[in-house]
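Subject: Model handover, with notes on pockets, a cavity and a helix

Hi there,

Here is the structure I promised to pass on. My notes follow below it, so please keep it open while you read.

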Amino acid sequence: MNLADLGLDQWRAFDPSTARRTAQEAADRVGGRLAAVETVEHLGAALHRARIAWHGREFALIPGGTVRLGFDLDRWEPTPEQAADYASSLAEGYAVAADLRAHLRTLLSPPRTVRLDTVLMAVEDEPLTEVPADTPGVLAARGLRMPSPDEWEHACGAGARTLFRWGDDCPLDQVPYDAAEGPQHQPSALGLRIAYDTYRAELSSDPAAVLGGDGGESVCGGYGFLLGWLPLATANRNPHMAEFVHGEEGEDLFEDFSVRPVLAL
C-alpha cells in the first residue's frame, strides 16, 4: 500500500488488526515507534486513532484522500441563544456585520473538496523558536514542515461538517479559558490536542491563515461568549490575527505563536 494515498474512508473501513498493521507500517516508514492504536466512535461509526513516537514527540496518523472541507453557512442556522449572544456583541461594537451569518463569512473557509496525502501530524502544537518567516527552515532542518490550512482543518474536523470539531454548539455562559470541563479539552477524532485554547495561534504554510485560536484577542477584548468561542471553529482562518502575526508587530511576539509540525510519509 502507498501510505500517502490512504483515504479516511478506507481507514475507517479497516478492522482493528488491519489498522494496527497499517499504523505499524507508517511507524516503520519514518523510523518511529507505534505508541498506541485505539478505536473510538465518530460521526456514528468507528474511527481508529494511531499515535507514533518519533524523536521524542508523538504524531497522529492523519488519513487523507478526497475530503470535504469548509463550513456551509447556507445550510446552517444559529440557535436563538447564539443569535441573541451575537446581538449583544454587536450592540457593544464587537462584530463586523449586522447578521451573524455575514460575520462568519469573513472568518470561515468556504465548502470545497480537496485531495490530501496521508501524513503524520504532531499531537501537540509547539511554540515558535524563530520569527514566522524563518519557521519553515527551522522545521525543515528537523525533517518536518508546516501544515497547510487544508491539512490542519482536515486533521481537526476529520470529516465533521459542524462549526466546531465537537458540534455546532458551545457554552454561552463562559469563554473557553474559563471552561475547565469544556468540549475543547477532549482529544479530536484522530487523537490531536487541537482547537483547545483561544490563546493559541497556530501558523500554517499560508500566511493568510492562523488556526486554532486568536492569541486571546477575543477573550481579552470581552467580545462576548459566542465570539469568544469562534476562534476554535474548525474552518476559522482568523484572517485578522494572520495579518498581525505576519506584520511588523508580530515579529516581536513570535514566541507567543505556535506551529503543529507535519512529518511526511
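Let me begin with Gln-184, which is buried at 0% relative accessibility (buried is under 20% relative accessible area, exposed over 50%, partly exposed in between, using a 1.4 Å probe and protein chains only). This is a predicted model, in which local features need pLDDT of at least 70 and side-chain atom pairs count only at pLDDT 80 or more, while totals for chains, interfaces and linings use all residues. Residues are numbered from 1 along each chain as its sequence is written, and side-chain values use heavy atoms, with hydrogens and water left out.

Gln-184 sits in the loop between α6 and β8 (202-203). Helices (H or I, at least four residues) and strands (E, at least two) are DSSP runs, numbered from the N terminus. Setting aside residues up to four places away in sequence, Gln-184 touches Arg-165, Trp-166, Pro-176, Ala-179, Ala-195, Tyr-196, Trp-229 and Leu-232, where contact means heavy atoms within 4.5 Å. Between the C-alpha atoms of Gln-184 and Ala-83, which are 101 residues apart along the chain, the separation is 21 Å.

Grid points are joined across faces, edges and corners, and a volume is the space filled by probe spheres set on the points.

The lining of this cavity has 14 residues, with Leu-69, Gly-70, Glu-153, Ala-160 and Thr-234 nearest its centre. Two or more lining residues come from each of β4 (65-69) and α6 (149-157). By class, the lining holds six nonpolar, five polar and three charged residues; Ala, Val, Leu, Ile, Met, Phe, Trp, Tyr, Cys and Pro count as nonpolar, Asp, Glu, Lys and Arg as charged, and the others, Gly among them, as polar.

Glu-153 belongs to helix α6 and is buried, at 3% relative accessibility. Beyond its neighbours within four places in sequence, Glu-153 is in contact with Leu-69, Gly-70, Ser-109, Arg-112, Ala-158, Thr-234, Ala-235 and Arg-237.

The largest pocket holds about 300 Å³ of space. Its lining numbers 17 residues, and His-103, Leu-107, Glu-217, Tyr-223 and His-240 are the closest to its centre. Both α7 (217-220) and α9 (239-245) supply at least two lining residues, and α9 gives the most, with three. The lining divides into 10 nonpolar, five polar and two charged residues.

The second largest pocket holds about 220 Å³. Among the residues lining it are Arg-68, Asp-72, Arg-75, Trp-76, Arg-161 and Asp-168. Here the lining has four nonpolar, one polar and five charged residues.

**Helix α3**

Helix α3 (residues 80-91) has 12 residues and reaches 16 Å from its first C-alpha to its last, close to the 16 Å expected at 1.5 Å a residue (the expected span is 1.5 Å times one less than the number of residues). Which residues of α3 are buried? They are Gln-82, Asp-85, Tyr-86 and Ser-89. Seen down the axis of α3, these fall within an arc of 100°, so they line one face of the helix; the arc is that of the directions from the helix axis to the C-beta atoms. Their cover includes α4 (100-105) and α8 (225-229), while Pro-80 and Ala-91 are exposed on the other side of α3.

**Backbone points to check**

Most residues other than glycine have a negative phi. Ala-158, in the loop between α6 and β8, has a positive phi near 50° and is buried at 0% relative accessibility. Asn-238, in the loop between α8 and α9, has a positive phi of about 45° and is buried with a relative accessible area of 7%. Just after α3, Gly-93 takes a positive phi of about 85°.

Best wishes

How values were computed. 1 Å grid on protein atoms, 1.4 Å probe; cavity = no way out; pocket = protein on both sides within 12 Å on 5 of 7 lines; lining within 4 Å.
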